[in-house]
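Colleague: Please show me how to read the features of this model, one at a time.

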Amino acid sequence: MTVSQLPPRLDTATELQLIRWKQAQFARISEQVEDALPDLMAEIERTVSEMSSLAAGKAQVRIDPVWKTIFEPWAHKLATSVEVQFKQEVGELTAALTEKGTSKDALRAALPALATAGVLAASLAAIPSVLGLATVTTTSFFVFSSASISWPILAAGGAGLAVATLTGSRVIDRLADRNRVHLVTRLQSRVRTAVFGYGLAAGERSLVTDLQAAALRTLEAQLEIT
Amino acid sequence: MPLLYAIPAALQALVTSGQAQLVGAIIKDVSTGQILGHVQQTRGFLQAMAQVGGTAAQGGFAPLGVISAIQNEQIKSTLGQLQQGMALMQNLQFVNLALSGIGIGVSVAGFAMMNMRLNAIERHIGALREDVREIGKMIRETELRRLFGDIRSALKDLDSVATRNDHLALASSLQRQLSTHVSALSDLLREAMLPGKAASLSMEHLDLIWTLSSALRLCEDAEVRALLVSEDLAHARDYASGYQVENLERLRDLNPDSLARLVAASASDLTTSVALRREAARNLDRIADGIGGTVESLGQQAALAQMLIDGGVSGREFVHAASTETDRPFLFVTPGAQPDTPAET
């Protein structure tokens with residue numbers, strides 16, 4: 001590439017604006033996920049309370065199927081609502097920058113640096129960069145499969161009963177046998193790891209990092225198609 | 001050739017009416033975005049800050065909540081007494097004032113002010129838990145205190161260098177010392193900002209990040225000032241630009257949300273972790289704002305150094321003039337055509 005072909009460089013003020021926008025989006029996604037947590041906790045309690053004793057016993061041995069049944073619909077519903085929000089944010093950002101006279105070429109050139117989010121590397125790698133993504137698919141199509149989690153030993157530990165307080169539900173009080181209580185505890189403990197990555201080292205995938213990576217991919221796609 | 005003037009009354013009127021705005025150290029026409037001039041802080045401004053903002057740094061040092069809304073009002077009120085201050089500062093954010101200073105032109109804070117900030121920063125090191133004080137395996141508290149001692153010594157000399165006969169040699173030596181300190185602090189900050197494989201962080205760790213970034217900004221500002229006094233204006237411009245780029249990269253590498261979730265991970269239940277994450281996110285937002293402010297300030301210092309070069313102005317005289325002005329909180333640096341008759345306030 002000759003010098004004359006180099007894309008225009010973003011001015012520092014715009015680059016600052018982009019970085020702070022990204023940071024604000026990431027924080028907003030975490031907050032949106034936190035706000036949806038009580039629904040997930042309540043769903044875990046409801047599902048377990050409706051299981052037969054036999055099914056609850058089997059789930060203790062093989063917890064993944066019941067986890068998947070509860071977690072993935074909730075995650076997809078959440079991802080869809082997060083996606084609606086961040087598509088709107090991306091649209092507003094690109095409109096504001098265009099109005100300010102920032103060229104799309106300069107924005108595209110700045111994107112790789114913006115996406116250099118070390119702790120998102122795993123999630124970014126898992127979410128393909130798709131031309132036209134913003135128009136043809138939804139985040140929930142590709143975001144997060146619970147099979148991608150590496151469950152740490154500690155995630156199955158003692159946070160479960162405290163987790164239950166988040167729901168404010170009394171369903172758990174009606175769970176007659178210890179088996180069901182233990183199952184609820186295990187499932188709710190998993191939420192910490194699967195949703196926020198608690199117990200994992202920074203850089204490992206969680207639902208939040210996948211949603212954040214998807215936000216960056218949406219921005220990329222928006223810049224490619226406009 | 002003089003470059004510093006009282007702020008023209010017409011320009012102040014534009015700021016007061018909202019037609020012009022102070023963005024960092026630059027006064028811009030709101031509708032056209034045209035740069036109308038640069039503003040340089042003076043000792044008068046710093047004295048006003050010391051009356052109000054300084055007390056926040058002296059009193060206990062709560063680094064992440066140092067300037068409350070009430071204190072902001074106090075600062076505005078104090079500046080209002082200095083006439084032109086209020087009009088210029090009405091749109092400015094004061095978040096980073098007590099520890100980072102406000103990046104209005106080249107820092108001209110005297111040793112007393114800089115030492116107060118440094119003391120506040122250093123005092124906080126003692127308040128951090130032992131495991132936080134040991135930043136990774138790189139440095140221990142005693143070494144950090146030695147580093148702060150060296151910084152203090154350099155800042156003390158910097159205070160008087162503009163009036164010394166041997167200012168060229170001394171300023172040059174100070175610049176090299178400060179450059180070393182910048183480098184050391186930069187390494188420590190990088191270590192503190194990248195948690196590696198840690199699965200959780202304490203809230204105090206965020207205080208440590210703030211502490212190191214505040215000390216780093218103090219040293220970067222001081223180094224640019226030393227270069228101006230040593231009349232090495234081109235290097236002052238280049239160093240300011242270089243540090244601006246480094247701070248921009250630092251901000252780009254900072255992932256506040258990830259750090260906030262690591263703080264939340266230390267809680268044993270989700271209700272607490274939600275509250276912790278939100279508190280940590282607010283604190284990290286302030287840290288990011290502080291680094292963003294540093295980026296803007298250093299860019300303006302680079303532009304100012306270039307203007308001094310273009311105007312054929314002595315860096316030492318410029319710093320000396322701003323450092324000794326006590327009646328007016330700000331002086332005006334005009335980029336091109338200079339006013340025939342500078343307005344007095």
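Modeller: Start with a turn: S3(B) and S4(B) form a hairpin with five residues between them, and Gly33(B) in that turn has a positive phi of about 80°. Strands here are DSSP runs of E with at least two residues, helices are runs of H or I with at least four, and both are numbered from the N terminus. Two strands pair if DSSP finds at least two bridges between them.

Colleague: What should I know about the model and the numbering?

Modeller: This is a predicted model, in which local features need pLDDT of at least 70, side-chain atom pairs count only at pLDDT 80 or more, and totals for chains, interfaces and linings use all residues. Residues are numbered from 1 along each chain as its sequence is written, chains are lettered from A and ligands numbered from 1 in the order in which they are written, and side-chain values use heavy atoms, with hydrogens and water left out.

Colleague: In what order do the five strands of the open sheet in chain B stand?

Modeller: The order is S1-S5-S4-S3-S2 in chain B, and the pairing is antiparallel. S1 (4-5) and S2 of chain B are the edge strands, each with a single partner strand, so one side of each is left without a neighbour in the sheet.

Colleague: How many bridges join the paired strands S3(B) and S4(B)?

Modeller: Three, with S4(B) spanning residues 35-41; Lys28(B) stands opposite Ile35(B) there. S2(B) and S3(B) (residues 26-29) are joined by four bridges and run antiparallel. Asp29(B) is the bridge partner of Ala20(B), and Ile26(B) stands opposite Val23(B). Two bridges pair S1(B) with S5(B), where Tyr5(B) faces Phe332(B) as its opposite residue.

Colleague: How do I read side-chain directions along a strand?

Modeller: In a regular strand the side chains alternate between the two faces of the sheet. Buried means under 20% relative accessible area, exposed means over 50%, and partly exposed lies in between (1.4 Å probe, protein chains only).

Colleague: Is Glu325(B) buried or exposed?

Modeller: Glu325(B) is buried, because its relative accessible area is 15%. Glu325(B) sits in the loop between H14 (315-324) and S5 (330-333) of chain B. Leaving out residues up to four places away in sequence, Glu325(B) touches Thr42(B), Arg43(B), Gly44(B) and Leu331(B); contact means heavy atoms within 4.5 Å.

Colleague: How do I read the interface?

Modeller: The size of an interface is often given as the accessible area lost when the parts come together. Chain B and chain A bury about 2,700 Å² between them, 55% of it on carbon and sulfur atoms; this is the accessible area (1.4 Å probe) that the two parts lose on being put together, summed over both. On the chain B side, Arg252(B), Arg261(B) and Leu270(B) lose the most area to chain A, together 27% of what that side buries. In residues, 33 of chain B are in contact with 36 of chain A.
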